[in-house]
Amino acid sequence: MGKSTRLQSALLLIFLVTVWGINWPLTKIALEHTPPVLFSGLRTLLGGIFLLIVALPRYRKLKFRETWKIYLFAALVNVILYYGLQTIGLNYLPAGLFSAIVFLQPVLVGVFSWLWLGESMYGLKLIGLILGFAGVGVISMGGFSGDLSVTGILLALGSALSWALGTIFVKKVTPIVDSIWLVTLQLIIGGFVMTVGGSQFESWTDIDWNWTFVLCLLFIAIFVIAVGWIVFYYLIDTGEAGKMASFTFLIPLVAILIGTVFLNEPFTLSLLVGLVLILISIYFVNRPRQSVMKIT
């Protein structure tokens with residue numbers, strides 16, 4: 001990988017971690033003005049419609065008859081299950097604990113990419129993945145109080161598993177389908193299903209269409225959902241899935257830092273310890289492996 005490519009990847013990583021970190025506090029603000037399932041459906045559907053403007057000039061690359069099953073499966077694991085299980089699961093567990101379990105995803109991606117994509121796995125990388133997950137857990141310790149719900153834990157694990165499987169699936173099918181159309185259709189299909197589902201159980205009249213909500217919705221739909229997923233898949237496709245996924249450990253850290261600065265949430269010792277663990281994790285996962293033994 002050349003210097004310009006590494007710089008481009010680094011800038012895209014910074015963008016992705018930043019906007020996906022901002023997503024959590026913005027979502028928290030938006031949910032004060034809207035029912036959760038309708039909001040999940042709206043933000044993904046709007047993101048897909050926004051990308052459709054970009055995708056339409058590439059209509060020759062759609063090849064829907066040959067690839068429609070890929071689009072449906074991607075929508076199922078990356079949108080409907082990933083976002084849907086989150087929305088339901090947050091009713092059973094504190095947000096901190098739930099997000100900590102969801103960020104088991106980079107560990108799962110590291111293992112799945114070793115098993116199914118033939119990417120390397122070695123002791124230091126495995127330790128790094130575990131440390132990253134531990135760092136997220138330490139950061140989220142504030143949400144560990146109270147009774148634990150088995151249902152909530154299972155839903156969080158399901159969300160992490162669907163995201164990990166979706167990441168590996170997209171990595172495998174990238175040579176077959178156009179990436180822009182893949183993201184566009186998974187968002188439109190998944191967003192449509194969640195919007196229809198939300199309409200059955202929630203009321204549109206409960207949405208307060210004020211400027212705060214509209215701006216949050218538009219920012220999340222365009223930058224977090226539409227642009228964010230394209231950047232994520234680009235980084236996964238151009239690098240090792242396990243290594244790229246390890247950087248997503250930074251997302252809850254960014255979310256909490258933003259909450260500390262703008263929402264007056266406390267800066268704690270657990271945040272500092274978690275930051276150190278995450279930085280060590282990313283170093284271990286991305287360290288050149290010449291001096292370590294590869295697991296076969």
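Helices (H or I, at least four residues) and strands (E, at least two) are taken here as DSSP runs, numbered from the N terminus, while axes are lines fitted to C-alpha atoms, for helices over the stretch in contact, with angles that run from 0 to 180 degrees between N-to-C directions. The model is a predicted one, in which local features need pLDDT of at least 70 and side-chain atom pairs count only at pLDDT 80 or more, whereas totals for chains, interfaces and linings use all residues. Residues are numbered from 1 along each chain as its sequence is written, and side-chain values use heavy atoms, with hydrogens and water left out.

The chain contains 12 helices and zero strands. If contact is taken to mean heavy atoms within 4.5 Å, then among the contacts between residues at least 6 apart in sequence, 90% join residues at least 24 apart.

Helix 2 passes helix 9 in a right-handed crossing; a crossing is right-handed if the near helix is turned clockwise from the far one by less than a right angle, and left-handed if anticlockwise. Helix 2 contributes Phe39, Leu42, Arg43, Thr44, Leu46, Gly47, Phe50 and Leu51 to the contact, and helix 9 contributes Phe213, Leu217, Ile220, Ala221, Ile222, Ile225, Ala226 and Ile230. By class, the contact of helix 2 with helix 9 has 13 nonpolar, two polar and one charged residues, where Ala, Val, Leu, Ile, Met, Phe, Trp, Tyr, Cys and Pro count as nonpolar, Asp, Glu, Lys and Arg as charged, and the others, Gly among them, as polar.

In one of them, the ring centres of Phe39 and Phe213 are 6.0 Å apart and the planes stand at 55°, so the pair is tilted. Because Phe39 lies in helix 2 (residues 36-55) and Phe213 in helix 9 (residues 211-238), this pair ties together parts that are 174 residues apart in sequence. Phe39 counts as buried at 1% relative accessibility, and Phe213 is likewise buried, with a relative accessible area of 0%. Phe213 also pairs edge-to-face with Trp209, at 5.4 Å centre to centre and 80° between the planes, although Trp209 is partly exposed, with a relative accessible area of 48%. Elsewhere, ring pairs link Trp20, Tyr82, Tyr83, Trp163, Trp229, Phe232 and Tyr233 into a cluster.

Helix 2 has a further partner in helix 3, with the axes 10 Å apart and an angle of about 150°, which makes helix 2 roughly antiparallel to helix 3. This crossing, too, is right-handed. Here Pro36, Val37, Ser40, Arg43 and Thr44 in helix 2 meet Val79, Tyr83 and Thr87 in helix 3, and the residues of this contact divide into four nonpolar, three polar and one charged. In the loop between helix 2 and helix 3 (64-89) lies Lys63, whose phi is near 50°, a positive value in a residue other than glycine.

Leu187, in helix 8 (residues 179-201), counts as buried at 0% relative accessibility. Not counting residues up to four places away in sequence, Leu187 touches Thr44, Leu45, Gly47, Gly48, Leu51, Val79, Phe192, Ile225, Ala226 and Trp229. Leu187 and Ala74 are 113 residues apart in sequence, yet 9.0 Å apart in space, C-alpha to C-alpha.

Finally, the axes of helix 5 (residues 105-116) and helix 7 (residues 150-173) come within 9 Å and cross at roughly 40°, which makes helix 5 oblique to helix 7. The crossing of helix 5 and helix 7 is right-handed, and their contact has 10 nonpolar, three polar and one charged residues.

Technical notes: Angles under 35 degrees count as roughly parallel, over 145 as roughly antiparallel, 65 to 115 as roughly perpendicular and the rest as oblique. Rings of Phe, Tyr and Trp (its six-membered ring) pair if their centres lie within 6.5 Å; planes under 30 degrees apart count as stacked, over 60 as edge-to-face and the rest as tilted. Buried means under 20% relative accessible area, exposed over 50%, partly exposed in between (1.4 Å probe, protein chains only).
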